[in-house]
Amino acid sequence: MKFQTLVILFWIGLNLTNCYSLEKPYNYGNPYLPSPEFTEDDPQFEEGEPVWILDQTGNWIFSLPSKLVLWNLKADNHYISKETKDYLIRYIKENNLRDVKVRFNQYAPLSEWKRLPKNKNINPVVRYFFGSISLLAYTFLPGRLFAGTIGGDHYNSFTNTINVYSDLPPVVIHEGGHAKDFAQREKRTFYAAVYAIPVVGALYHEARASDDALNYFAEKDDKEQLESSYELLTPAYSTYVGGAIGDVVANPITAVAVIPGHIYGRYKKRDIDLEIEKRKQKIQFKEPK
């Protein structure tokens, strides 16, 4: 695939989704379907026990492709700071995501297989077919070790679980955006099936999650994380255009496809102050007198 074609696809993807505009008012989530809450025996947020050799191997060997693609050493570094965890915890609570599980650098295949039959919001045929494929990959190619080469930070719609390996607030909020997007859907079966389709399904879903993350930070007037979001999420989105699909980032096409993402992200970052000002003016104009 020619470089020019990748650039065109990248721009088409952004335009079709009206992505990355900070002028929209932020809408906090409200799940469409009932959301059972967690118990003390099954907490909503869990963290894997630190294993130095395992985590360092994952950080300095297997995560090198994602570090290079995103140009950030904290990508899939297997250490999530309290600040980053607090960002996601606060986001989930503010968006009423009471049934999504969050695993910070944790490998818990047995627990994930148990969660699969509990997700009644997706048709069992679709859930068990696609969900089993995703969990087989999770079980035998664990992100706890291979994140950054095979897999990485991701949301599993079939178990309704967010898996985090990077110490990057924009990335974890992006994954929270996926959970929020699914929670607001009445017909999640079709939406989950489309999301499971390589490349085609990813483009729309990924754009929505990144757009939500950007607008969330704009709502909080968090300029630091807004700048970081443009630097990280736009290159990440371009990897989907390049065909990496978020599953195998060690792909020659990804190295080419990510270039327009980095260029676009840094271009958009220059206009943050102007876009935030426009956002405030729009919100003030729409507020009842």
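The model described here is predicted. The buried residues in α4 are Thr-84, Lys-85, Tyr-87, Leu-88, Tyr-91 and Ile-92. They cover an arc of only 155 degrees around the axis and therefore lie on the same side of α4. Exposed residues Lys-82 and Lys-93 sit on the face turned away from that buried side. Just after α4, Asn-96 adopts a positive phi of about 55 degrees.

Lys-82 counts as exposed because its relative accessibility is 61%, over the 50% cut-off. Asp-86, with a relative accessible area of 27%, is partly exposed.

Side chains of opposite charge can pair when their charged atoms come close. The whole structure contains 15 salt bridges. One of them joins Glu-112 to Arg-103, where the closest N and O atoms are 3.0 Å apart. Glu-112 counts as buried at 1% relative accessibility, and Arg-103 is buried with a relative accessible area of 1%.

A further salt bridge joins Glu-219 and Arg-279, with the closest N and O atoms 3.1 Å apart. This pair links distant parts of the chain, since Glu-219 is in helix α10 (residues 200-219) and Arg-279 is in helix α13, 60 residues apart. Glu-219 is partly exposed at 34% relative accessibility, whereas Arg-279 counts as buried at 3%. Salt bridges that share partners also join Asp-42, Glu-46 and Lys-101 into one network.

Helix α13, which contains Arg-279, covers residues 272-286. Leaving aside residues up to four places away in sequence, Arg-279 touches several others, among them Leu-22, Glu-23, Lys-24, Pro-25 and Tyr-26, as well as Asn-215 and Ala-218.

On the surface, Trp-113, Leu-136, Phe-140, Leu-141 and Ile-150 form a nonpolar patch with about 460 Å² of accessible area together. Leu-136 belongs to helix α6 (residues 124-140) and is partly exposed, with a relative accessible area of 43%.

For the chain as a whole, the secondary structure comprises 13 helices and 4 strands. Of its 289 residues, 52% count as buried. Among contacts between residues at least 6 apart in sequence, 76% join residues at least 24 apart. The accessible surface comes to about 14100 Å², and 62% of it belongs to carbon and sulfur atoms.

Note on methods: Residues numbered from 1 in each chain as written. Predicted model: local features only at pLDDT ≥ 70, side-chain atom pairs only at ≥ 80, totals over all residues. Heavy atoms only, no water. Helix = DSSP H or I, 4+ residues; strand = E, 2+ residues; numbered from the N terminus. Buried < 20%, exposed > 50% of the residue type's maximum accessible area, 1.4 Å probe, protein only. Contact = heavy atoms within 4.5 Å. Areas by Shrake-Rupley, 256 points an atom, 1.4 Å probe, with all protein chains shown as cover. Arc of directions from axis to C-beta. Patch = residues over 30% accessible without salt bridge, like charges linked within 9 Å, V, L, I, M, F, W, Y side chains within 5 Å. Salt bridge = Lys/Arg side-chain N within 4 Å of Asp/Glu carboxyl O.
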